[in-house]
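Subject: Structure handover

Hello,

I am passing on the structure we discussed, with some notes on what was found in it. Please look it over before reading further.

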Amino acid sequence: MNRKARARAVLEALRRVIPRPETELRHENPYQLLVAVILSAQCTDERVNRVTPAFFEAFPTLEALAAAEPEDVYPLIRSISYPNNKAKHLVGMARMVRDAFGGEIPRTIPALQRLPGVGRKTAQVVASVAFDSEEALPVDTHVFRVAHRIGLVTDEADTPLKVERQLKRILPRKDWGEAHHLLILHGRYTCTARRPKCEACPVPPHCRYYERLQKLPPPLDGLDPGRGAFFCKTCARYFDAPVRHEDRYGVEQIACPACGSMNVFDTKTGRTTKRIKDYRV
Ligand code: SF4
């Protein structure tokens, strides 16, 4: 299956289980969305949603925020990551919108990126969600991880920008905004960083990671841990001190010190020691 066909199948599968693919950051207008997205950098949406009601009560408009000082903002966002920087960015952003953009939140990605605290991802989220921009396909940690695991992008896509470019090449432009939300929500609740819930996922038939999981050898019964911590199935030898080899995906694997095979099992659990390339971001 090529990446385009895979992407189409994955989006179809995700649409069936995520009927409302939209941001979980609570907001009522572009100003509130921009503030929430700035706050959400390196922080969960849930935590941001806990602080924004009081924040918008104190600073109901962009003008009110522009007239404040970072010290006024800090106490309201102290439970968020990097509160000092974010307080400065929020006030700086509001002042720049007031002074350089006539008080209107800019609508384009390049203009949004001129604002303090607004990087490529934040600008794209605001442009897409608040202004229906068809240029945006923001890549956060969830989109990055899920796109790699499923195999929507190649191993060369080792930065968010490269992932964004590859996804844009295989997805129709009209689907970019929706794909962003589908992949985020899928990554947040199902294809989680530490332990993806493959058994509850609608994507397995199209997922490269899942396919590789299925190819792992089944556990071996009857191994004797008293004879060594590891067992090499290729040369039927027990050993304690393994060597390390890199496999063809660049993953370091435990290997047999005698024959170099990576067909090695943990004698306590009987499970293979093989690891699959993953992106646990
Ligand atoms: S099958 Fe597993 S790894 Fe693949 S997308 Fe679903 S949860 Fe993620």
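Into which domains is the chain divided? The two parts are domain 1 (1-215) and domain 2 (218-281), with bounds taken from an automatic or database domain assignment.

Some ground rules come before the rest. This is a predicted model, in which local features need pLDDT of at least 70 and side-chain atom pairs count only at pLDDT 80 or more, while totals for chains, interfaces and linings use all residues. Residues are numbered from 1 along each chain as its sequence is written, and side-chain values use heavy atoms, with hydrogens and water left out.

Between the domains

The C-alpha centres of domain 1 and domain 2 are 39 Å apart. Contact (heavy atoms within 4.5 Å) involves 11 residues of domain 1 and 7 residues of domain 2. The size of an interface is often given as the accessible area lost when the parts come together. Here domain 1 and domain 2 bury about 970 Å² between them, 61% of it on carbon and sulfur atoms; buried area is the accessible area (1.4 Å probe) that two parts lose on being put together, summed over both. Of the area that domain 1 buries against domain 2, 46% comes from Asp 155, Tyr 209 and Arg 212, more than from any other three residues.

There are 2 salt bridges between domain 1 and domain 2, a salt bridge being a side-chain nitrogen of Lys or Arg within 4 Å of a carboxyl oxygen of Asp or Glu. The side chains of Arg 149 and Asp 278 form a salt bridge at 2.8 Å, N to O. On the side of domain 1 that touches domain 2, helix H9 (141-150) and helix H12 (208-214) each supply at least two residues; helices are DSSP runs (H or I, at least four residues), numbered from the N terminus. H9 gives the largest share of that side, 5 residues.

Elsewhere

The whole structure has 5 aromatic pairs, meaning rings of Phe, Tyr and Trp (its six-membered ring) with centres within 6.5 Å; planes under 30 degrees apart count as stacked, over 60 as edge-to-face and the rest as tilted. The ring centres of Tyr 31 and Phe 56 are 5.7 Å apart and the planes are at 65°, so this pair is edge-to-face.

Regards
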